[in-house]
There are 4 protein chains.
Amino acid sequence: MYTHKTKIRVRYGETDQMKFAYYGIYAQYFEVGRVELLRSLGLSYKTLENQGFALPVVNLNINYKKPAFYDDELTIETTIKVIPTIKVVFYYNTFNEKGDLLNTAETTLVFVDSNTGKPCNAPKILIEKFIEI
Amino acid sequence: MYTHKTKIRVRYGETDQMKFAYYGIYAQYFEVGRVELLRSLGLSYKTLENQGFALPVVNLNINYKKPAFYDDELTIETTIKVIPTIKVVFYYNTFNEKGDLLNTAETTLVFVDSNTGKPCNAPKILIEKFIEI
Amino acid sequence: MYTHKTKIRVRYGETDQMKFAYYGIYAQYFEVGRVELLRSLGLSYKTLENQGFALPVVNLNINYKKPAFYDDELTIETTIKVIPTIKVVFYYNTFNEKGDLLNTAETTLVFVDSNTGKPCNAPKILIEKFIEI
Amino acid sequence: MYTHKTKIRVRYGETDQMKFAYYGIYAQYFEVGRVELLRSLGLSYKTLENQGFALPVVNLNINYKKPAFYDDELTIETTIKVIPTIKVVFYYNTFNEKGDLLNTAETTLVFVDSNTGKPCNAPKILIEKFIEI
């Protein structure tokens, strides 16, 4: 299990007229969460793509408990529990500055070979990093 | 059970560098789907809000099967299966022009009294509409 | 001079906590406006891209007069005044349902050869269409 | 004259299929730029709103020179040149990590009394801060 925390501040343009951070914006926040988790391991999502891997999301599931508001500095806590195979599952907890748990979520991504468009195994370097931990 | 279909064309700004409609944009598409379902019943989400109801999303779950691409005209098929109580569940199927099923999803929303901020029953008029059908 | 009108309904996720359609969303609305102008001439932006043209925006200028609100059905009136050369300027007027002029804007785009990455002349078919009119 | 620099990393969801950060996303980046400029002076945009001020944008003008790409860490350099009156103009330069100037922009915002909806003078505290500098 490996957890990484990233901070994201809610932008004005991300709020809606309910004054909440729009429920759809979390897809972007979680994207940042998993990219920064990889970066914390010395892995760059950008590099993975350049090496011919794509990582489309096949499932997104979010349970919203409390809203975030404009200018809130959120903590996205991103976790990998199992070593990636042809897929990888990321778990997320979003907290506000007071420590309230705003939502929990998970995304499942699959590894795809950009050249063939077919599913493939996770890049070796990524698997090795996770075995190390 | 009540189903309504809405068409949405993928905007350039909604694509990402994988050339896919970004996985997070569907939250907006489904929002349009359920709003148009209500409109097809003579109900306006805007009016509901003005009458003191808020409808925050408490769960979003999307299963992605195939991507949508720039300029694709998508059909969002939105369904309500059960008469709303203090919550309402919408189910979605997204199709492209070829009729491919791109994803399936569901969202659970709860009715909240805007003045008290507390959960409440669905507006009478909404329940009656669904009983009618 | 050629003018085309497109209708766009403001989505909930496009509002901000001022209850306005977020000032940045018009970049997308104008993108839709110019794409639909081209489509009304039998030209597809998607096809232009597939033929090796890119059309990056080099200037965006918007004068906001009045806000749009959730669920407003806006009319984007898009105009080309001069035959495209290596660049093309689109002018926009945004109206709400009451006919209020919400904003005026213009965007300048340049034609780029996707293979070389260098500026190039507008596609012949596009120039011919505009000469026709 | 007062200048403040903010760093923003381009998210995947902010790219488009040209592989560029979408031209419309800069409206959000500049929003972050001016909010952080205010914060660097001990002023919170959120607090201004809570005190009954709204700051709608009346003009946005962007000159795009070079694109930003996914995962680029951009520097938004935001400048105020003149003491705010009933309006305030912010100037922006966006740089990538190599120091390339990607675009220049300006936004004009007006102060509005949220209760009356009418234009008003900039909050005293804001004017005083700028006189101080």
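Two residues are in contact here if their C-beta atoms, placed from the backbone, lie within 7 Å.

1. Ground rules. This is a predicted model, in which local features need pLDDT of at least 70 and side-chain atom pairs count only at pLDDT 80 or more, while totals for chains, interfaces and linings use all residues. Residues are numbered from 1 along each chain as its sequence is written, and chains are lettered from A, with ligands numbered from 1, in the order in which they are written.

2. How the copies relate. Chain D can be laid on chain B with an RMSD of 0.0 Å, using a turn of 180° and a shift of 0.0 Å along the axis; this is the relation of a two-fold axis. The superposition is by least squares on the C-alpha atoms of residues with pLDDT of at least 70 in both copies. Of the interface residues of chain D, 100% are also interface residues in chain B, so the copies meet through the same surface.

3. Where chains A and B meet. Here 17 residues of chain B are in contact with 17 residues of chain A. On the chain B side, helix H1 (26-40) and strand S3 (57-64) each supply at least two residues; helices (H or I, at least four residues) and strands (E, at least two) are DSSP runs, numbered from the N terminus. The largest share, eight residues, comes from S3(B). By type, that side of chain B has 12 nonpolar residues, five polar and no charged. Nonpolar means Ala, Val, Leu, Ile, Met, Phe, Trp, Tyr, Cys and Pro; charged means Asp, Glu, Lys and Arg; the others, Gly among them, are polar.

4. Strand S3 (residues 57-64) of chain A runs antiparallel to S3(B), joined by five bridges. Strands pair if DSSP finds at least two bridges between them. In this pair, A:Asn59 stands opposite B:Asn63.

5. Hairpins in chain D. Six bridges join strand S4 (residues 73-80) to strand S5 (residues 87-95), antiparallel, in a hairpin with six residues between the strands. D:Thr94 of S5(D) stands opposite D:Ile76, and its bridge partner in S6(D) is D:Asn103. S5(D) and strand S6 (residues 101-110) are antiparallel too, with nine bridges. Their hairpin has five residues between the strands, and D:Gly99 takes a positive phi near 90° there.

6. One loop residue to look at. B:Asp100 lies between strands S5 (87-95) and S6 (101-110) of chain B. Is B:Asp100 buried or exposed? B:Asp100 counts as exposed because it has 12 C-beta neighbours inside 10 Å. The cut-offs are 20 or more other C-beta atoms within 10 Å for buried, 12 or fewer for exposed, and in between for partly exposed. Leaving aside residues up to four places away in sequence, B:Asp100 touches B:Lys66 and B:Phe95.
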